[in-house]
Amino acid sequence: DNHTDIVTQVAFNPQNETELLTGAEDGLMCLYSTTAAAADESLLSIMNPNCAVRRIGFFGGNCEGAYCVTGVETLSLWHHQTAR
């Protein structure tokens, strides 16, 4: 319900398989908990690279970072827990 356009990428956090990262044509990346009891409680973070998302993933020793490559070939790096 958080994306307003087609979801183009999904990735599970390799260090925490209960976290699911999604990226979409609407220019948003959303991080969800797959263990939440209700859908409205599952959203952990929203990151906005301001351009259609083409590739996403996690990085860092504990996979605390999320990356995004956009449709215009820009790279965004985020600390997904704080969305910064």
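Start at G27, which takes a positive phi near 85° in the hairpin of strand 2 and strand 3, with four residues between the strands. This is a predicted model: local features need pLDDT of at least 70, side-chain atom pairs count only at pLDDT 80 or more, and totals for chains, interfaces and linings use all residues. Residues are numbered from 1 along each chain as its sequence is written, and side-chain values use heavy atoms, with hydrogens and water left out.

Select residues 29–33. This is strand 3, which pairs with strand 2 in the antiparallel sense over five bridges. Strands here are DSSP runs (E, at least two residues; helices would be H or I, at least four residues), numbered from the N terminus. Two strands pair if DSSP finds at least two bridges between them. Pick L21 next: its bridge partner in strand 3 is L31.

Now extend the selection to strand 2, residues 16–24, and its other neighbour. Strand 1 and strand 2 run antiparallel and are joined by six bridges. They form a hairpin with two residues between them. Which residue of strand 2 stands opposite V7? It is A24.

Step back to D5. D5 sits in the segment before strand 1 (7–13). The cut-offs are under 20% relative accessible area for buried and over 50% for exposed, with partly exposed in between (1.4 Å probe, protein chains only).

Show the neighbours of D5. Leaving aside residues up to four places away in sequence, D5 touches A24, E25 and D26; contact means heavy atoms within 4.5 Å. Draw a C-alpha to C-alpha distance from D5 to E25: 5.5 Å in space, across 20 residues in sequence.

**Two positive phi values in loops**

Most residues other than glycine have a negative phi. Go to N50, in the loop between strand 4 (43–47) and strand 5. N50 has a positive phi, near 65°, and is not a glycine. N50 counts as exposed because its relative accessibility is 64%.

Then jump to E73, in the loop between strand 6 and strand 7. E73 is another residue other than glycine with a positive phi, near 65°. With a relative accessible area of 63%, E73 is exposed.

Strand 5 pairs with strand 6 (residues 65–70) in the antiparallel sense over six bridges. Select F59: its bridge partner in strand 6 is G65.

**Last stop: the surface patch**

Together they form a nonpolar surface patch with about 300 Å² of accessible area. L77 belongs to strand 7 (residues 75–79). L77 counts as exposed because its relative accessibility is 52%.

Patch residues have over 30% relative accessible area and no salt bridge; like charges are joined within 9 Å, nonpolar side chains (Val, Leu, Ile, Met, Phe, Trp, Tyr) within 5 Å. A salt bridge is a side-chain nitrogen of Lys or Arg within 4 Å of a carboxyl oxygen of Asp or Glu. Accessible areas come from the Shrake-Rupley method with a 1.4 Å probe; for residues, only the protein chains shown count as cover.
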